[in-house]
Amino acid sequence: MRFSDMANAPSWIIFQLLEECNLRCSMCYEWGERGAYHQHKKTAKLDLNLVLKTVDECIANKPSYGKLNFEFFGGEPLLYPGIWEVIKRIRDGGCEIEFPTNGTLLKKFAKQLVDYHPTRLWISLDGPEGINDQQRGRGVFQQVIEGLEELSALKKSKGSSSPEIGITYVVTAKNAQHVEPFFLEQIDLNMLNCISIECQSYITGEQSHAYAELLRKKFAIQNTFYAQAYVRDPEVFASINIEHLTSQLARIAEVCKKQGILFHSQPKTLLAENFRNYFSAQWHKMIDRKSRCAVPWLAAEISARGIVSTCHSFYDLPVGNINEQSLLEIWRGDALARVREHLRDSLFPICTACCRYYVGVGVLPGRTAST
């Protein structure tokens with residue numbers, strides 16, 4: 001199938017339902033120490049009716065290949081007042097829905113999560129209690145564990161397989177040595193369907209500058225504050241024992257395989273040299289490097305301000321706004337076509353900081369007569 005045949009409607013829609021979050025995790029690019037959202041005078045959230053209208057529009061134009069997949073994002077998605085209505089609309093339409101959560105509201109909403117049965121939850125935890133709470137806040141670990149146990153027990157009592165439960169662990173310099181003991185000693189893996197261990201996303205100052213220059217010259221964009229929130233000096237990761245980290249991940253992957261738990265890592269290839277290149281910003285040396293990306297032909301992400309982008313959380317390059325146009329009008333419009341035209345030839349300088357870059361959603365081939 002040609003990619004041009006797949007561009008009529010998205011098969012993957014991500015709603016950032018709201019910007020509000022009840023935590024202030026230190027490494028977060030939204031609300032962390034360097035987070036982009038501190039500049040907002042008022043937080044935004046998507047209008048419920050507009051979300052439902054967009055869901056209906058996408059379901060009515062469901063691609064003929066595969067399933068239509070939705071994701072939520074935040075802030076904290078469980079703070080969105082209309083989340084249950086949106087989940088019901090998506091599930092009634094025969095579509096998949098998954099989303100991340102910081103886990104602090106799991107206990108409060110365990111019944112709704114089982115009753116409305118989203119496909120999968122990704123619960124964020126970053127190590128044993130002391131380490132996790134250094135990054136996410138005092139008391140967060142215990143609150144999340146209690147909610148996880150409550151949700152797992154309720155699923156079991158009702159004989160429900162959904163939502164599937166996953167844990168996302170973001171590897172930083174603070175918690176890199178604690179990955180294995182966290183998963184293999186402190187978490188009951190019987191509660192989990194999946195595990196994702198992701199090295200902290202970041203870009204260098206040079207990448208940020210190159211991205212800003214490209215957007216200014218090619219797309220007339222003057223501000224890239226979302227991307228700037230990702231800037232880190234690779235030296236902040238210098239204390240990580242790379243060999244120890246990758247050996248921990250390899251052992252966890254082996255245990256997951258034996259227990260039938262889906263395992264994902266970012267980067268994917270669990271070799272010390274690959275991770276060393278990641279944490280030293282030697283992106284061109286990585287085994288998991290890409291030269292092109294298929295996501296703009298598959299996915300549309302909608303920010304809490306209605307901004308439509310092809311890039312996860314990088315809202316500096318908008319291709320439209322659903323407060324002004326329908327998503328399908330934007331999807332088939334000239335602004336997105338210009339972004340795709342650029343990405344047929346090369347990636348953006350900041351693409352190595354995108355989690356979509358490391359997942360298996362396909363790589364767009366180079367120009368041919370059929371694309």
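**A salt bridge and its surroundings**

Modeller: Glu 96 and Lys 67 form a salt bridge, and their closest N and O atoms are 2.8 Å apart. The term salt bridge is used for a side-chain nitrogen of Lys or Arg within 4 Å of a carboxyl oxygen of Asp or Glu. This pair joins distant parts of the chain, 29 residues apart: Glu 96 belongs to strand E3 (residues 96-101), while Lys 67 is in the loop between H1 and strand E2 (69-73). Helices (H or I, at least four residues) and strands (E, at least two) are DSSP runs, numbered from the N terminus.

The model is predicted, so local features need pLDDT of at least 70 and side-chain atom pairs count only at pLDDT 80 or more, whereas totals for chains, interfaces and linings use all residues. Residues are numbered from 1 along each chain as its sequence is written, and side-chain values use heavy atoms, with hydrogens and water left out.

Buried means under 20% relative accessible area, exposed over 50%, and partly exposed in between (1.4 Å probe, protein chains only). The pair also belongs to a network of salt bridges that links Lys 67, Arg 91 and Glu 96. In total, the structure holds 16 salt bridges.

Another of these salt bridges joins the side chains of Asp 92 and Lys 88, at 2.7 Å from N to O. Both residues lie in helix H2, four residues apart, or about one turn of the helix. An α-helix has 3.6 residues a turn, so residues three or four places apart point the same way. Asp 92 is exposed, at 57% relative accessible area, and Lys 88 is partly exposed, at 46%. The side chains of Lys 111 and Asp 115 meet in a salt bridge of 2.6 Å, N to O, and Asp 115 is partly exposed, with a relative accessible area of 34%.

Helix H2 (residues 83-92) also packs with helix H1 (residues 48-60), at an angle of about 10 degrees and with the axes 10 Å apart. H1 is therefore roughly parallel to H2. Here, axes are lines fitted to C-alpha atoms, for helices over the stretch in contact, and angles run from 0 to 180 degrees between N-to-C directions. Angles under 35 degrees count as roughly parallel, over 145 as roughly antiparallel, 65 to 115 as roughly perpendicular and the rest as oblique. From H1, the contact (heavy atoms within 4.5 Å) uses Leu 48, Val 51, Leu 52, Val 55, Asp 56 and Ile 59; from H2, Glu 85, Val 86, Arg 89 and Ile 90 take part. Seven of the contact residues are nonpolar, none is polar and three are charged. Ala, Val, Leu, Ile, Met, Phe, Trp, Tyr, Cys and Pro count as nonpolar, Asp, Glu, Lys and Arg as charged, and the others, Gly among them, as polar.

Phe 72 is in contact with several residues of this region. Leaving aside neighbours within four places in sequence, its contacts include Ile 83, Val 86, Ile 87, Ile 90 and Ile 97. Phe 72 is also among the residues with the most contacts inside the largest nonpolar core, which has 118 residues. The largest share of this core, seven residues, comes from helix H5 (residues 140-158). A nonpolar core is a set of buried Ala, Val, Leu, Ile, Met, Phe, Trp, Tyr and Cys residues joined through side-chain atoms within 4.5 Å.

Pro 118 counts as buried, at 0% relative accessibility. Its C-alpha atom is separated by 7.4 Å from that of Arg 91, 27 residues apart along the chain. Not counting residues up to four places away in sequence, Pro 118 touches Ile 87, Arg 91, Ile 97, Phe 99, Leu 113, Ser 162, Pro 163 and Glu 164. Of these, Ser 162 and Pro 163 are joined by a cis peptide bond, with omega about 5 degrees. Pro 163 lies in the loop between H5 and E5.
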